[in-house]
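Here is a short briefing on one protein chain.

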Amino acid sequence: GEVARYMSRHAGRHVSKAVLVSSVVPFMLRTPDNPEGTDAAVFDDMAAGLKEDRAKFFTGFAKDFYGVGIMSHPVSAEMLDWTRGLAMQASLKATLACAKSFATTDFRRDLAAFKVPTLIVHGTDDKTVPIDASGRAAAAGIANSTLIEYDGAPHGLFATHKERLTSDLLQFIRSA
């Protein structure tokens, strides 16, 4: 979201290329004019879980973030612990405000400000920021963008698919 706002507020000044990785852009909340968005009840449940027991909430959230399941363990237990510990350092007030912003900030008008080649990378199994409302919608709204979908990848693909992501980013940066 910060990249989109920078592009629109500053006309992309000094930016020659942009990258959105697992981004919330353009708009997460389901509304009549955003039918692919996420129901408000999902965000309300997140807020309730945070208020009730943040440590428990973040333990489950980290597993979804990295795609950990019964048959899938793409990151170590230590990575999950680190993620929970990092999240727990933020205050409850700040975390709730961040979650609200994540859910309700509409970046759709900002998409037209992207005047540079833009790479969009998103996992198809992202449970934190579903690809239809974000990666695919951003690619449809940003001229001169390229969407790379990581089949089966979760939100935290910077950890689960780090070699591929690094390679894709370097290839994009080095391209003309």
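Strands β2 (residues 118–123) and β3 (residues 145–150) run parallel and are joined by 6 bridges. The model is predicted: local features need pLDDT of at least 70, side-chain atom pairs count only at pLDDT 80 or more, and totals for chains, interfaces and linings use all residues. Residues are numbered from 1 along each chain as its sequence is written, and side-chain values use heavy atoms, without hydrogens and water.

**Strand pair**
- Helices (H or I, at least four residues) and strands (E, at least two) are DSSP runs, numbered from the N terminus.
- Strands pair if DSSP finds at least two bridges between them.
- Ile120 has Leu147 of β3 as its bridge partner.
- From β2 the chain passes through helix α6 (residues 135–141) to β3, a right-handed β-α-β crossover (clockwise from the first strand over the helix to the second, with the strands pointing away from the viewer).

**Helix pair**
- The axes of α2 (residues 40–52) and α5 come within 10 Å and cross at roughly 170° (lines fitted to C-alpha atoms over the stretch in contact, with angles from 0 to 180 degrees between N-to-C directions).
- The two helices, α2 and α5, are therefore roughly antiparallel (over 145 degrees).
- Phe43, Ala47, Leu50 and Lys51 of α2 make the contact with Leu92, Thr95, Leu96, Phe102 and Ala103 of α5 (heavy atoms within 4.5 Å).

**Thr95**
- Thr95 sits in α5 (residues 92–104).
- Thr95 is buried, at 12% relative accessible area (under 20%, 1.4 Å probe, protein chains only).
- Beyond neighbours within four places in sequence, Thr95 contacts Leu50, Arg54, Phe58 and Ala90.

Key: Buried < 20%, exposed > 50% of the residue type's maximum accessible area, 1.4 Å probe, protein only. Parallel < 35°, antiparallel > 145°, perpendicular 65-115°, else oblique.
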